[in-house]
Amino acid sequence: MKQCTIKSPCVFKGKGIHSGKAVEMTVLPAPENHGIVFQRIDLPGLPCVKAEISNVYKVKRSTSLRYGKAKVRTTEHLLAALFCLGIDNALIRLDSEELPIMDGSSAKFVEEFLNVGIMEQNAEREYAAVCEKIVCEDPKSGSRIEIEPADEELFDVTIDFNSRVVGIQRANLDKNVNFAEEIAPCRTFCFFKDVRPLLALGLIKGGDLENALVIDEPKGYLNDTPLRFENECARHKLLDLAGDFCLAGKHLKCKVTAYKPGHKINTEAVMALVKKLNDE
Ligand SMILES: [Zn+2]
């Protein structure tokens with residue numbers, strides 16, 4: 001497979017879910033072997049930070065990257081859209097630290113990228129393959145991620161929040177699943193009981209019922225809009241997982257099986273994968 005980029009720039013305006021700050025983001029085509037690079041056009045010197053695992057610096061409720069003075073926050077939904085549509089090269093200009101949350105999913109990003117079109121470039125795409133299984137575990141949370149050899153890129157997610165409303169849900173992504181239609185529209189979520197503590201931590205200041213599902217245990221969802229899928233939460237966690245795996249900088253010839261994933265274990269698993277690739 002060849003590397004790809006988008007055919008024309010795409011502009012997104014919105015607010016950050018954690019900062020609540022207004023942001024304009026422009027995703028531009030980029031040359032072969034450029035990778036995915038963020039640029040802060042609001043900072044002196046217009047510093048850049050590449051979407052790669054070594055630049056991860058915060059994983060609390062979203063994935064944030066930093067390189068020198070350039071910080072970008074909540075990268076996972078845009079990166080999932082780029083990664084799963086096979087867009088290898090893009091320059092992302094931001095006039096604020098946090099990416100726009102849009103409707104809490106990747107739907108708008110995917111829609112715009114498909115709208116302008118995706119263009120094949122000349123250079124070959126690189127793949128990450130493993131010879132043996134990699135296992136990452138967090139005994140405290142019970143989270144676990146396994147990366148196994150496979151001929152294609154596969155993701156399989158199971159979530160369990162001990163919630164009567166959400167239950168135990170599972171979602172998977174392989175070539176029979178249409179990412180744009182079946183995964184990208186799935187929204188982020190949080191539990192109503194966590195809203196106050198998260199606000200106290202300075203998080204979710206831009207969160208509302210238009211950009212997140214809110215679960216009021218054991219009653220149900222607080223949103224008026226219907227669920228887009230019965231297992232929308234698991235599908236969203238798959239989206240987050242794929243967005244974090246974009247930070248490997250390569251597409252996968254691996255199967256990633258995640259139980260109770262989150263940004264901390266996701267990025268630890270990507271780190272373990274990249275380390276293994278560098279050691280081999
Ligand atoms: Zn998310």
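Biologist: What are we looking at, and how many helices and strands does the protein have?

Modeller: A predicted model. The protein has six helices and 19 strands.

Biologist: What does the C-alpha trace span along its principal axes?

Modeller: About 55 × 45 × 35 Å.

Biologist: And what share of the residues counts as buried?

Modeller: 42% of the 280 residues.

Biologist: Among contacts between residues at least 6 apart in sequence, what share joins residues at least 24 apart?

Modeller: That share is 74%.

Biologist: Take helix 5. At what angle does helix 1 pack with it?

Modeller: About 75°, with the axes 7 Å apart. An angle from 65 to 115 degrees counts as roughly perpendicular, and helix 1 and helix 5 are therefore roughly perpendicular to each other.

Biologist: Which residues meet there?

Modeller: From helix 1, E76, H77, L79, A80, F83 and C84. From helix 5, L239, D240, A242, G243, D244 and F245. By class, the contact of helix 1 with helix 5 has seven nonpolar, two polar and three charged residues.

Biologist: Now helix 2. How do helix 1 and helix 2 cross?

Modeller: At roughly 35°, with the axes coming within 9 Å. Helix 1 passes helix 2 in a right-handed crossing. Helix 1 brings H77, L78 and A81 to the contact, and helix 2 brings F109, V110 and F113. The contact of helix 1 with helix 2 has five nonpolar residues, one polar and no charged.

Biologist: Back to helix 5. What about helix 5 and helix 6, which crossing angle do they have?

Modeller: Roughly 35°, and the axes come within 9 Å. Helix 5 passes helix 6 in a right-handed crossing. D240, L241, D244 and F245 of helix 5 make the contact with H263, N266, T267 and V270 of helix 6. The residues of the contact of helix 5 with helix 6 are three nonpolar, three polar and two charged.

Biologist: How many residues of helix 4 are buried?

Modeller: Zero of its nine, so helix 4 lies largely in the open.

Biologist: What comes just after helix 4?

Modeller: G202, with a positive phi of about 80°. Helix 1 is followed by G86, whose phi is also positive, near 75°.

Biologist: Those are glycines. Which residue other than glycine has a positive phi near 60°?

Modeller: T74 is one of them. T74 sits in the loop between strand 8 (70-72) and helix 1. N33 has a positive phi of about 60° and is not a glycine either. N33 is in the loop between strand 3 (22-29) and strand 4.

Biologist: T74, buried or exposed?

Modeller: Buried. T74 has 24 other C-beta atoms within 10 Å, and 20 or more counts as buried. N33 has 12 C-beta neighbours inside 10 Å, so N33 counts as exposed.

Biologist: Last one. Where does D103 lie?

Modeller: In the loop between strand 9 and helix 2. D103 has 17 C-beta neighbours inside 10 Å, so D103 counts as partly exposed.

Biologist: And which residues does D103 contact, leaving aside neighbours within four places in sequence?

Modeller: K108, R187, E210 and N211. D103 and D208 are 9.6 Å apart in space, C-alpha to C-alpha, and 105 residues apart in sequence.

Notes:
Residues are numbered from 1 along each chain as its sequence is written. This is a predicted model: local features need pLDDT of at least 70, side-chain atom pairs count only at pLDDT 80 or more; totals for chains, interfaces and linings use all residues. Axes are lines fitted to C-alpha atoms, for helices over the stretch in contact, and angles run from 0 to 180 degrees between N-to-C directions. Helices (H or I, at least four residues) and strands (E, at least two) are DSSP runs, numbered from the N terminus. Angles under 35 degrees count as roughly parallel, over 145 as roughly antiparallel, 65 to 115 as roughly perpendicular and the rest as oblique. Two residues are in contact if their C-beta atoms, placed from the backbone, lie within 7 Å. Ala, Val, Leu, Ile, Met, Phe, Trp, Tyr, Cys and Pro count as nonpolar, Asp, Glu, Lys and Arg as charged, and the others, Gly among them, as polar. A crossing is left-handed if the near helix is turned anticlockwise from the far one by less than a right angle, and right-handed if clockwise.
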